[in-house]
Amino acid sequence: MSIYYIGADGGGTRTTAVLISETGKILKVCRGKGLNYNAIGMEKAQAHLKTLIDELTRGLPDESEIKIGVGMSALDDLPTEKQLSDFAGNVFQKENLFLHSDAYMALMAATLGKSGVLVICGTGSMAVYADETLKQTPAGGWGYLLGDYGSSYQLAIDGIKAAIRAFEETGEKTTLKDAMMTRFSLSAPRRLIDYVYAPSTLPSDIAQFAIDVLNEAHSGDQTAMAIVTEHFDILSRIVDSLTKHALPDVIWLFGGVFEHNKWVIGLFEKMLSRFKTGVHASLIPYPPAIGSAVYAMNKCGALTDEILKNIKNTYKETDF
């Protein structure tokens, strides 16, 4: 009987999943709908994952055994027994289902099953540390209402506040003022109130202004640069505290803020170097879905150096 491993990165709006053989060969990649059951309900989340698994496993021998690792935006850590049972339901075999937070699986994609630190800066932000036993400790990730330093949403909000102060002449002059008018297609500054508080406006819509905050900072606007610097100063302190003031040599990064603004990586690395000389900040080398598969292999006691070598080699030939 052949064993296959599926790794899934289950976000709020979409999921990427990969099928890997027991020898570590990447066979297929599929994309589908989100798995955040807190937002869409358990039955829909189960159905979305099953659709992906059916697509990935189509054509495999009937007697194949499938092990499934899933990084879930609905989880902050390992699932409770109830969460695992509820998600498995009558759809998946619980003993072949391995769930963890999406942040943790992204870290596993970077370290390939070893300890390390990951910082995510997307619409939200958080940091996660896995020790030598691979136990997770998170920091940040408090959500858009409580503030996520380095996140698109929080950068956008602070940029908007700076623009408002500039309009009302209670703060520094800044190019963020004109950028805000353009980004939100405003005919007058106070039209922003209608936009922000409209029921149809999502946090992700407001977070788009982070693009302008980062661009204006990179172009030399001092107010925008002060906002960005403050965010990554605090985020570096969070990482230092998370690792108990013993930073590893590499801090892994994931998320659009880093991926689309490479200069921010250098800024963050400079902030981290205050706590450890020579520390390096780098984008994760593999997608989180691969981290989910690696996690499942590790939990099954199947992960070997040869398998990792095959994953690395076949990833180069895969269109993720």
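**Exercise 1.** Find which residues touch the most other members of the largest nonpolar core, and which elements contribute to this core.

*Solution.* Next, the elements giving two or more residues to the core include strand S6 (116-121), helix H5 (152-167), helix H9 (209-219) and helix H10 (222-242), where helices (H or I, at least four residues) and strands (E, at least two) are DSSP runs numbered from the N terminus.

This is a predicted model, in which local features need pLDDT of at least 70 and side-chain atom pairs count only at pLDDT 80 or more, while totals for chains, interfaces and linings use all residues. Residues are numbered from 1 along each chain, and side-chain values use heavy atoms, with hydrogens and water left out.

**Exercise 2.** Determine which residues of H9 are buried and what covers them.

*Solution.* The buried residues in H9 are Phe-209, Ala-210, Asp-212, Val-213, Leu-214 and Ala-217. Their cover, judged by contact (heavy atoms within 4.5 Å), includes H5, H6, H10 and H12. After H9 comes Gly-220, with a positive phi near 110°.

**Exercise 3.** Decide whether Leu-146 is buried or exposed, and locate it.

*Solution.* Leu-146 lies in the loop between strand S8 (136-140) and H5. With a relative accessible area of 64%, Leu-146 counts as exposed, because exposed means over 50%.

Terms used. A nonpolar core is a set of buried Ala, Val, Leu, Ile, Met, Phe, Trp, Tyr and Cys residues joined through side-chain atoms within 4.5 Å. Buried means under 20% relative accessible area, exposed over 50%, partly exposed in between (1.4 Å probe, protein chains only).
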